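User: I would like to learn how to read packed helices. Please take me through an example.

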Amino acid sequence: MAEVVVIDDIIPRSPVDRLKRDYSKKELQAEFDADLVSAVIGMSRAFMVRALDRPGTRPRVFTLAEVLTLLDVDGFQETFIPRSRIPKYLLEYSATPPSQIPGLRRSSRQIGDATLCVGDARELIPRLEAGSVQCVVTSTPYWGMRVYDNERNIRWADGESCPYGFEQTPEGFIRHTIELLLLLKPAIKSEGSVWWNIMDTYNTRTPIRGNAREWLDAMGEKSGSRKGWTEHSACRHSAGHMYLDDAELSSIPSRIAERASRIGYKLKSFITWRKHPAMPEPAKSRVSRQAEYILHLTIERTPFFNKEAWQALEPDLGGPNLRHESAEKITDVWSLPTSTGKNGHGAEFSLALAGRCIALTSRKGDLILDPFVGAGTTAVAAVLMGRRCLGYDISEKYIDAAENRLKVATKDGQLSFDDTMDIESPNVDAAETHASTA
């Protein structure tokens, strides 16, 4: 019998926890790998030795006593473990624990140069060969915005157990995003790139729906769309956060960007994706949104970057949109269409966005990874551009959709009209685009 998974409502009541200091002498002398401590503390090793009054040294380990000192240094900010839990994490989990999702049947499919895997990204990412991935292109779930197929609780390093995107606070979602980025780091080539699509979320009391169409139907009071509060699979509340008030923007993308830098990524660009057309919003006290964001993260200061490859692309695959963009200079504002949303996924990724990222930071034959592949847009773009691709998703339904799209793309060498979108055609069916859960 299939496991019945109940999705909990999101009630952002920030916990009140305090840092414990009464450790035994043996515990205080325990030593931990310097790179792990750096990632957990969110400070560079050079800064840590200066804060500990050990200039000019490069220790390979730090003791718990030194970690407690660093937790009191001005400028500390958590990365993927809350401050109060860091000593416990180091003492009990020197390596990140596995997810152990129950009732998930794992499988893989090979379609040309693409491999699609049914499985949890949190569990599969650490199995990647070191330095094997040239480019990561993904759109993850957003915090508290969608119910996806085959949701499963994931056991995270901070102690929370929930599907990705169903954390009780935005801070939990940010921590889990940083945990995934940390797990990805060893697999990325030194000249490689990570393109991470993310949208901000308002701390608002709202039902959590399956796709943007449900939201638009309810907003337009379409017959049968006005469900009661308790009729939805899950709801998000707004009271109880330590500082966010009702209807306040959570500032999630910028906070992820800062924490990614703290765990050793280089933040190359914070890109604004100007979506057209934009989703209509009933905003009476603020401007309506038309943007999502893409973080361009790298391992080294000078990654592989090929502007000429972007210039040679067709607009449908992410080339210059001459109505809104220059063909000579690519900036940090991208004017790209949303997807049609016709491939069985409630929040489908943009083909043009995936293609642009792939063209800029990879060569033919390179391996592209999408750990939240959804309906397979990144895989389709990669295969059409002569790259190899590896995609993960916990939903067999979404992997089936991705496999079907890839078969069309590899057979015909191009997508059908229904799979792409004319650069100027209107579409309100999938204006908020983000991929399925881990």
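User: How are α11 and α12 oriented to each other?

Analyst: Start with the general idea. Two packed helices are described by the angle between their axes and the distance between the axes. Now the case here. The axes of α11 (residues 351-361) and α12 (residues 377-384) cross at roughly 50 degrees and come within 9 Å. The two helices are therefore oblique to each other. Angles under 35 degrees count as roughly parallel, over 145 as roughly antiparallel, 65 to 115 as roughly perpendicular and the rest as oblique. Axes are lines fitted to C-alpha atoms, for helices over the stretch in contact, and angles run from 0 to 180 degrees between N-to-C directions.

User: What kind of model is this, and how are residues numbered?

Analyst: The model is predicted: local features need pLDDT of at least 70, side-chain atom pairs count only at pLDDT 80 or more, and totals for chains, interfaces and linings use all residues. Residues are numbered from 1 along each chain as its sequence is written, and side-chain values use heavy atoms, leaving out hydrogens and water.

User: Which residues of α11 and α12 meet?

Analyst: Leu351, Ala354, Gly355 and Ile358 of α11 meet Thr377, Thr378, Val380, Ala381 and Ala382 of α12. Contact means heavy atoms within 4.5 Å.

User: At what angle do α7 and α9 pack?

Analyst: The angle is about 40 degrees, and the axes are 10 Å apart. So α7 and α9 are oblique to each other. On the α7 side, Phe173, Ile174 and Leu181 are among the residues that meet α9. Ile252, Arg255 and Ile256 are among their partners in α9.

User: Why does Arg122 count as buried?

Analyst: Arg122 counts as buried because its relative accessibility is 2%. Arg122 lies in helix α6 (residues 121-124).

User: How much of the whole protein is buried?

Analyst: Of its 438 residues, 56% count as buried. The protein has 13 helices and 17 strands. Helices (H or I, at least four residues) and strands (E, at least two) are DSSP runs, numbered from the N terminus.

Methods
Buried < 20%, exposed > 50% of the residue type's maximum accessible area, 1.4 Å probe, protein only.
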